[in-house]
Amino acid sequence: MLGASQVIGANSHGAHIAASAASSSSDSSADRFERGTIRRIEAKEHVFCDGDPRTHVFRIEEGVIALSKLLGDGRRQIIEFAYPGDYIGLGTLREHIFDAQATCPAKVRCLSAAALEQEAARDAGLALRLYKAVSAELAAARSLLVSVGQQSAMERLAGFLLSLSARAPDGEENVVKLPMRRSDIADLLGLTIETVSRTITKLRTMHVIDVVRGTEVHILDSDRLAELAGQ
């Protein structure tokens, strides 16, 4: 494979045209997403429910959306949390197979699923973005399967906090906001609310984290937290 310098050396004019075309394609893909309508969601309100027709794909603009499944015995299993920039409702099925519920006031951008799929068939840049979004969703599901099936409560919670830290802006990795209830965290990690609360208290006692106002976690020892998560 030719390196970038080799391509430019071989045909700098052609490389410039290719780069401009790629940039234009990326910009046009972004423009299409911006055409979607904005919908405001209140805390605990559903974006869609299990069994609803899959007519739209949604991009999270603000807040957090919990994707969950109601089990036969009435328990709820949260599959993942979707954060700003994430997409929900992707797939090929005609109906949604999960509930999507806001954990706090949120905003989502609504995009016609049929129109989006037609555009993706013509736009390689857009298709790649959707592929990456679906791949990330699959990776999260696999990670959750391992976590719930094999890890201790401490490992699950420490891993969850680290995953939130990884999403934080540069320079703010040690301040993790929790825009969800303890019960939501419990339903994601396959724990009880009491176990989540006890584990958080234990992490505070160990001086690994501190909790401010109940909704903000300050990571005091990231190395120790990673060790507890088994990473």
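The model is predicted, so local features need pLDDT of at least 70 and side-chain atom pairs count only at pLDDT 80 or more, while totals for chains, interfaces and linings use all residues. Residues are numbered from 1 along each chain as its sequence is written, and side-chain values use heavy atoms, with hydrogens and water left out. The protein has eight helices and eleven strands; helices (H or I, at least four residues) and strands (E, at least two) are DSSP runs, numbered from the N terminus. Of its 231 residues, 38% count as buried, where buried means under 20% relative accessible area, exposed over 50%, and partly exposed in between (1.4 Å probe, protein chains only).

**Contacts across the chain**

- Among contacts with a separation of 6 or more, 71% come from residues 24 or more positions apart; contact means heavy atoms within 4.5 Å.

**The sheet E1-E8-E3-E6**

- Four strands form an open sheet in the order E1-E8-E3-E6, with antiparallel pairing; two strands pair if DSSP finds at least two bridges between them.
- At its edges are strand E1 (37-41) and strand E6 (87-88), each pairing on one side only.
- Inside this sheet, strand E3 (residues 56-62) and strand E8 (residues 106-112) are joined in the antiparallel sense over six bridges.
- A pair to look for here is Val57, which stands opposite Leu111 in E8.
- Helix H3 (residues 113-122) packs on the sheet and touches E3 and E8. The direction of H3 makes about 65 degrees with that of E8; axes are lines fitted to C-alpha atoms, for helices over the stretch in contact, and angles run from 0 to 180 degrees between N-to-C directions.

**The sheet E2-E7-E4-E5**

- Another open sheet of four strands has the order E2-E7-E4-E5, again with antiparallel pairing.
- Its edge strands are strand E2 (46-48) and E5, and each pairs on one side only.
- From one strand to the next, the twist averages 30 degrees.
- Strand E4 (residues 65-70) pairs with E5 in the antiparallel sense over six bridges, and Ser68 stands opposite Ile78 in E5.

**The nonpolar cores**

- The largest nonpolar core has 32 residues; such a core is a set of buried Ala, Val, Leu, Ile, Met, Phe, Trp, Tyr and Cys residues joined through side-chain atoms within 4.5 Å.
- Phe81, Phe160, Leu178 and Leu203 have the most contacts inside this core.
- Elements that give two or more residues to the core include strand E5 (76-82), helix H5 (153-167), helix H6 (182-189) and helix H7 (193-205).
- H5 gives the most to this core, with seven residues.
- Not counting residues up to four places away in sequence, Leu178 touches Phe160, Leu161, Leu164, Ile185, Thr215 and Val217.

**Helix H7**

- The 13 residues of H7 should span 18 Å at 1.5 Å a residue, and its end C-alpha atoms are 18 Å apart, which agrees; the expected span is 1.5 Å times one less than the number of residues.
- Thr195, Val196, Thr199, Ile200 and Leu203 are buried in H7.
- Seen down the axis of H7, these buried residues fall within an arc of 135 degrees, so they line one face of the helix; the arc is that of the directions from the helix axis to the C-beta atoms.
- They pack against H5, H6, E10 and H8.
- On the face turned away from the buried side, H7 carries the exposed residues Glu194, Arg198 and Thr205.

- His207 is found in the loop between H7 and E10, and takes a positive phi of about 60 degrees.
- With a relative accessible area of 60%, His207 is exposed.
- Leaving aside neighbours within four places in sequence, His207 is in contact with Leu220 and Asp221.
- E10 and E11 pair in the antiparallel sense over four bridges, with Ile209 opposite Ile219 in E11.
- Three residues lie between the strands of this hairpin, where Arg213 takes a positive phi near 60 degrees.
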